[in-house]
Amino acid sequence: HVHSNFSRYDGVSTCQEMVDQAVAHGHKSLAITNHGLDSMGDLYQFQQYAKEKGIKPILGCEGYLVDELVTMEGKKRKRTHYNHIILLVSNETGWKNLCHLSYIANIDEEHYYYKPRTTFEELFQYKEGLVVGSACLASVFSQCVLTGDEEKAEAYFKRFVEEFGENFYGEIQLNELVEEQKKYNDWIIKTAAKYNVPVVITGDVHYATPEGAQTQRFIFNLRKDEDSEGDDTYKCKSLFYQSVEDFKQFNKGWGYGYTDEQIEQWCANTDKIAEKCNFEIPLGTGMKLPRFSFDEEEDFVKLAKEGLAKHFNCDYDNCPQEYKVRLETELEMLLKKGAYRYMLTVSMLVKHARENKFLV
């Protein structure tokens, strides 16, 4: 549960700085889980830098889940409440599904309104290959627990167990919001035991070192245009990259009351997740473009000749010979180089834009 500076107005450090901390702590693997399904832009550079440093990269994000999408109230849109969830990629199918969920979350004004959202059912539809953590105090489970509706929280928890099975993990954290966090932690521990779900401890990391807390406060002030000193979001000043010993110290210093053995076991359980996550974005495979049709090469030639005929306002056979020779020479080279699929894709984009009166 780690945020880089691609978690806008929230994460402070770069993914490279997080990897350096993993090296310094002797950790073997690291996940980057930026906010929203539109903030995965540094996952590739994270992957490459982590590999250089001998750290296993785990790709993911902290998604926003809603029961209902954005609706209209008169002439205004109604912003629905969203909940956090941690999504990690275990294989190629999981990567494709995470990318598709990102596409869905940004596809229209019902899904994207201030933040990219997906529904629970959309997540469950594209769940294959994903490992899920129950997330922080902003999760749907926590929101139900803290408002006194533990029955509803358990119903959600049970549904995630049914959908994700052994790829679902109960996530607890240690921070300065002791009253709320301990209540949620204890519920997670109890409910996870009931459904035989492993518990993991995460840091909800937002900056590489303790000094980053002041930088994050500065960012909060920019976002809110006011001092965030009294804001709950700034009461947590311990969101730096942490070790097992840090967790033990937090546990004792803030009075959470867990044993060192529990802390060690919950930390060790994160290795089970790391063992499952073995996908890397492939290199050197060229552009990934959609198929235009089953007979792309024939269609490309046909469209090109139709375009020339339209330009001269006649049948292709009656077009000037020098233009026909030039076109056929260019077609031969474009087909040989495999550029036709790119050109067909661009033509589809331009055609769609013009039909919908978008500037080209």
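This is a predicted model: local features need pLDDT of at least 70, side-chain atom pairs count only at pLDDT 80 or more; totals for chains, interfaces and linings use all residues.
How much volume does the second largest pocket have? The second largest pocket has a volume of about 840 Å³.

Residues are numbered from 1 along each chain as its sequence is written, and side-chain values use heavy atoms, with hydrogens and water left out.

## The whole protein

The protein has 14 helices and 11 strands. These are DSSP runs numbered from the N terminus: helices are H or I with at least four residues, and strands are E with at least two. Along the principal axes, the C-alpha atoms fill a box of roughly 85 × 55 × 45 Å.

Of the 360 residues in the protein, 45% are buried. Here, buried means under 20% relative accessible area, exposed means over 50%, and partly exposed lies in between (1.4 Å probe, protein chains only). Now take the contacts between residues at least 6 apart in sequence: 71% of them join residues at least 24 apart. A contact means heavy atoms within 4.5 Å.

## Back to the pocket

A pocket is found on a 1 Å grid over the protein atoms alone, as an open set of points where a 1.4 Å probe fits, with protein on both sides within 12 Å along at least five of seven lines; lining residues have an atom within 4 Å of a point. Grid points are joined across faces, edges and corners, and the volume is the space filled by probe spheres set on the points.

The second largest pocket is lined by 33 residues, and His 27, Ser 29, Cys 267, Thr 270 and Asp 271 lie nearest its centre. Strand 1 (29-35), strand 2 (56-66), strand 5 (83-89), strand 11, helix 10 (244-253) and helix 11 (260-276) each give two or more residues to this lining. Helix 11 gives the most, with 8 residues. Sorted by class, the lining has 16 nonpolar, 11 polar and 6 charged residues. In this sorting, Ala, Val, Leu, Ile, Met, Phe, Trp, Tyr, Cys and Pro count as nonpolar, Asp, Glu, Lys and Arg as charged, and the others, Gly among them, as polar.

## Two buried aspartates

Asp 204 sits in the loop between strand 11 (199-201) and helix 8 (212-224). Its relative accessibility is 12%, so Asp 204 counts as buried. The side chain of Asp 204 makes polar contacts with the side chains of His 1 (3.0 Å) and His 3 (3.4 Å). A polar contact is a pair of N or O atoms within 3.5 Å; within protein, one must be able to donate a hydrogen and the other to accept it, and residues adjacent in sequence count only if both atoms are side-chain atoms. Not counting residues up to four places away in sequence, Asp 204 touches His 1, His 3, Cys 136, Gln 173 and Leu 239.

Asp 10 lies in the segment before helix 1 (15-24). Is Asp 10 buried or exposed? At 13% relative accessibility, Asp 10 counts as buried. Its side chain joins that of His 35 in a polar contact of 2.9 Å. Beyond four places in sequence, Asp 10 is in contact with His 35, His 206, Gln 216, Ile 219 and Phe 220.

## Salt bridges

Side chains of opposite charge can pair when their charged atoms come close. The structure holds 17 salt bridges, each a side-chain nitrogen of Lys or Arg within 4 Å of a carboxyl oxygen of Asp or Glu. Here are some of them.

| Salt bridge | N to O distance |
|---|---|
| Glu 163 and Arg 159 | 3.0 Å |
| Lys 252 and Asp 260 | 3.4 Å |
| Lys 351 and Glu 355 | 2.7 Å |

Glu 163 and Arg 159 are separated by about one helical turn because they are 4 residues apart in helix 6 (residues 150-164). Arg 159 is partly exposed, at 28% relative accessible area. Lys 252 is exposed, at 57%, whereas Asp 260 is partly exposed, at 24%.

Lys 351 and Glu 355 are 4 residues apart in helix 14 (residues 340-355), so about one helical turn separates them. Lys 351 is exposed, at 51% relative accessibility, and Glu 355 is exposed, with a relative accessible area of 51%. Elsewhere, salt bridges that share partners join Glu 121, Lys 127, Arg 159 and Glu 163 into one network.
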